[in-house]
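Subject: Structure handover and findings

Hello,

Here is the structure for your files. My notes follow below it.

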Amino acid sequence: LTNSVGGVFNGQSGSLDISGDFTNSGTFTSSGFNINLEGNWNNTGTYTYFSGDNVTFDGAGVSTITGATDWYELTADKPGLTISSGAQNIHGILDLDQGTFISGGLVTLISDATSTGQMDNTNGATFSGDLTVQRRVAKSSQTFSSITSPVTGTTLATWQANGVLFSGFPTSDFPTFPFVNC
């Protein structure tokens, strides 16, 4: 499926099944439907998702995502999916059902006032590369917040290296502070 410069595609409800590649150099706006794609995704235009949309890469072989894209739900259900260029912002769910997902360090789980990105159970799939995880903490005044890591394998040292301060226990930034803050 090719959507050229200046084209606007307002999809129908239900799903769109593409057996080849998706190339968008125009404006592709979803009105609430899922896309199943066997080929590659090349987005040099504007893709606008509808909250709840799922783009599923399925079929045989390895697919490639090129070009910055905001996704609601991105599902990898094939032997391999590689991000080759462009920021990939997940506002809903990153769902890895099978194969190897290579992030290229370009994937961010977005957390803002309207959504909180998350990674679903990987079901035996493999994630390779860096993943940026945002967490929005909405506060109306200066208060303390409990923050935990949304992924496994993260250590206290990782949080400290990224500017989070801890106090009141050994190995914290301020071990003699009178109360525990972590």
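First, a definition for the ring contacts. Rings of Phe, Tyr and Trp (for Trp, its six-membered ring) pair if their centres lie within 6.5 Å; planes under 30 degrees apart count as stacked, over 60 as edge-to-face and the rest as tilted. By that rule the structure holds 10 aromatic pairs.

The model is predicted: local features need pLDDT of at least 70, side-chain atom pairs count only at pLDDT 80 or more, and totals for chains, interfaces and linings use all residues. Residues are numbered from 1 along each chain as its sequence is written, and side-chain values use heavy atoms, with hydrogens and water left out.

**Aromatic pairs**

W41 and W71 make a tilted pair, 4.6 Å centre to centre with 45° between the planes. W41 lies in strand β7 and W71 in strand β11, so this pair ties together parts that are 30 residues apart in sequence. Helices (H or I, at least four residues) and strands (E, at least two) are DSSP runs, numbered from the N terminus. W41 is buried, at 0% relative accessible area. W71 is buried too, with a value of 0%. Buried means under 20% relative accessible area, exposed over 50%, and partly exposed in between (1.4 Å probe, protein chains only).

Y49 and Y72 form a tilted pair, at 6.1 Å between centres and 40° between planes. This pair links distant parts of the chain: Y49 sits in the loop between β8 (46-48) and β9 (54-58), Y72 in strand β11, 23 residues apart. Y49 counts as partly exposed at 23% relative accessibility. Y72 is partly exposed, also with 23%.

Ring pairs link F22, F28, F33, W41, Y47, F57 and W71.

**Chain totals**

The protein chain has one helix and 16 strands. Of its 182 residues, 32% count as buried. Its accessible surface comes to about 9600 Å², and 51% of that belongs to carbon and sulfur atoms. Accessible areas come from the Shrake-Rupley method with a 1.4 Å probe; for residues, only the protein chains shown count as cover. Take the contacts between residues at least 6 apart in sequence: 20% of them join residues at least 24 apart. Contact means heavy atoms within 4.5 Å.

Strand β6 (residues 33-37) has F33, I35 and L37 on its covered face, with N34 and N36 on the uncovered one. F33 also belongs to the ring cluster. β6 pairs in the parallel sense with strand β3 (residues 14-18) over five bridges. Two strands pair if DSSP finds at least two bridges between them. N36 in β6 is the bridge partner of D17. β6 and β9 are also paired in the parallel sense, over three bridges. There, N36 stands opposite T56 in β9.

Strand β10 (residues 62-66) has S63 and I65 on its covered face. V62, T64 and T66 are on the uncovered face. β10 pairs in the parallel sense with strand β7 (residues 41-43) over two bridges. T66 in β10 is the bridge partner of N42. β10 and strand β11 (residues 69-85) pair in the parallel sense over five bridges. T64 stands opposite T82 in β11.

T108 is in strand β13 (residues 107-109). With 14% relative accessibility, T108 counts as buried. Beyond four places in sequence, T108 touches Q88, N89, I90, T132 and Q134.

Q118 is in strand β14 (residues 118-119). Q118 counts as partly exposed, at 42% relative accessibility. Leaving out neighbours within four places, Q118 is in contact with G92, I93, L94 and L109. Q118 and T108 are 10 residues apart in sequence and 9.5 Å apart in space, C-alpha to C-alpha.

**Surface patch**

Which residues form a nonpolar patch on the surface? They are L165, F174 and F177, with about 310 Å² of accessible area together. Patches are made of residues with over 30% relative accessible area and no salt bridge: like charges are joined within 9 Å, nonpolar side chains (Val, Leu, Ile, Met, Phe, Trp, Tyr) within 5 Å. A salt bridge is a side-chain nitrogen of Lys or Arg within 4 Å of a carboxyl oxygen of Asp or Glu. F174 is found in the segment after α1 (156-161). F174 is partly exposed, with a relative accessible area of 45%.

Best regards
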